[in-house]
Amino acid sequence: MINTFHSSYNPPPVPPRAGYSKRQPAGNSPLVKFLSVMLLLLMILTFGGFLCLFQKLNMLLQGSYYEDMTSLQRLQDCADSSMGEDSMTECGKLMEKYKTVMAKVSQANEKLSKLTGGPHFIGPAAHMTALSEHKDKNSDFLKSNSLLWDKEQSLLQDVRLSTKRDKLTIRYPGIYFIYSQVTFSKHSTSFGLKQSIRSIEPKKQEVKELLKSFCSLDPNASNLCTASLAGVFRLEKDQQLYVTVANTSLVNRDSCSFGLFKLR
């Protein structure tokens with residue numbers, strides 16, 4: 001009889017139980033491989049889509065930039081006096097488009113200002129001060145019945161001042177508040193101390209008196225009198241306004257003003 005307790009051989013393995021199967025090592029099943037490939041494809045498509053969208057937006061921005069630069073170049077060419085009539089007509093159409101766009105931008109700024117609680121007035125406005133004697137080297141102020149204004153000391157916003165410095169030209173039609181103040185320092189028996197605001201309509205080219213006011217001085221005393229006026233009027237595009245007196249030598253330039261602003 002063999003004593004297995006002291007044998008040098010290993011004992012036989014334990015037989016498997018019924019219904020038991022050995023666990024297989026973990027591996028990549030076909031489903032996991034399929035999902036990995038689909039995820040990779042989705043990442044590639046997403047990156048490619050963003051890249052194509054970026055290139056398309058970049059092309060649109062570049063096209064808009066070149067178009068704007070071309071339009072600006074055309075506007076610069078419009079300043080050339082040697083251009084033909086056809087080119088000048090095209091320049092006129094281009095300027096009308098830009099004026100329309102600027103008007104829309106101004107209206108949008110007004111709406112945005114109201115929504116954000118900022119200043120409610122961003123429209124056309126002007127406040128003019130009279131041309132002083134030390135700047136009027138040629139005494140142009142005394143050569144006309146219309147008052148001349150100092151552009152450097154005045155406020156001009158979307159309103160043009162004529163080259164003669166006497167008339168304001170309306171760029172945007174609408175309802176405007178207009179005011180004027182003229183101070184007289186000398187008495188005259190020949191001329192009344194009167195000031196008036198006159199208008200030149202762009203189509204009819206006729207002069208119309210919108211407002212007028214008077215003041216009086218004591219001929220035996222050296223003092224001042226001021227004639228003021230204000231009113232609300234509907235003004236058209238390219239309509240011109242100016243202040244006139246009977247004799248500009250009677251005016252005290254230090255206390256004269258003229259202005260307007262667009263109500264709506």
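How accessible is Glu209, and does that make Glu209 buried, partly exposed or exposed? At 33% relative accessibility, Glu209 counts as partly exposed (buried is under 20% relative accessible area, exposed over 50%, partly exposed in between, with a 1.4 Å probe and protein chains only).

## Ground rules

This is a predicted model, where local features need pLDDT of at least 70 and side-chain atom pairs count only at pLDDT 80 or more, while totals for chains, interfaces and linings use all residues. Numbering runs from 1 along each chain as its sequence is written, and side-chain values use heavy atoms, leaving out hydrogens and water.

## Salt bridges

The whole structure has eight salt bridges (a side-chain nitrogen of Lys or Arg within 4 Å of a carboxyl oxygen of Asp or Glu). Back to Glu209: its partner is Lys194, with the closest N and O atoms 3.4 Å apart. That pair links distant parts of the chain, with Glu209 in strand β7 and Lys194 in strand β6, 15 residues apart (helices are DSSP runs of H or I with at least four residues, strands are runs of E with at least two, and both are numbered from the N terminus). Lys194 is partly exposed, at 25%. Elsewhere, salt bridges with shared partners join Lys135, Asp150 and Glu152 into one network.

Glu152 sits in strand β2 and Lys135 in the loop between β1 (125-130) and β2, so the bridge ties together parts 17 residues apart in sequence. Glu152 is exposed at 67% relative accessibility, and Lys135 is partly exposed at 29%. Then there's Arg165 with Asp140, whose closest N and O atoms are 3.6 Å apart. Here Arg165 is in the loop between β3 and β4 (168-170) and Asp140 in the loop between β1 and β2, 25 residues apart.

## The cysteines

A search of the whole structure turns up one disulfide (a pair of cysteine sulfur atoms within 2.5 Å). Cys215 and Cys225 form it, with their sulfurs 2.2 Å apart. Cys215 is in the loop between β7 (207-214) and β8 (225-235), while Cys225 is in strand β8, ten residues away. The link is right-handed, with 40° about the S-S bond, and both Cys215 and Cys225 are buried.

As for other cysteines, Cys256 is buried at 6% relative accessibility, whereas Cys52 is exposed at 52%.

## Arg253 tucked into β10

Arg253 belongs to strand β10 (residues 251-262) and, at 12% relative accessibility, counts as buried. A polar atom of the Arg253 side chain lies 3.5 Å from the backbone oxygen of Ser132. Leaving aside neighbours within four places in sequence, the contacts of Arg253 (heavy atoms within 4.5 Å) include Glu133, Asp136 and Phe141.

Most residues other than glycine have a negative phi.

## Helix α1

Leu41 lies in helix α1 (residues 30-78) and is partly exposed, with a relative accessible area of 43%.

Methods:
A polar contact is a pair of N or O atoms within 3.5 Å; within protein, one must be able to donate a hydrogen and the other to accept it, and residues adjacent in sequence count only if both atoms are side-chain atoms.
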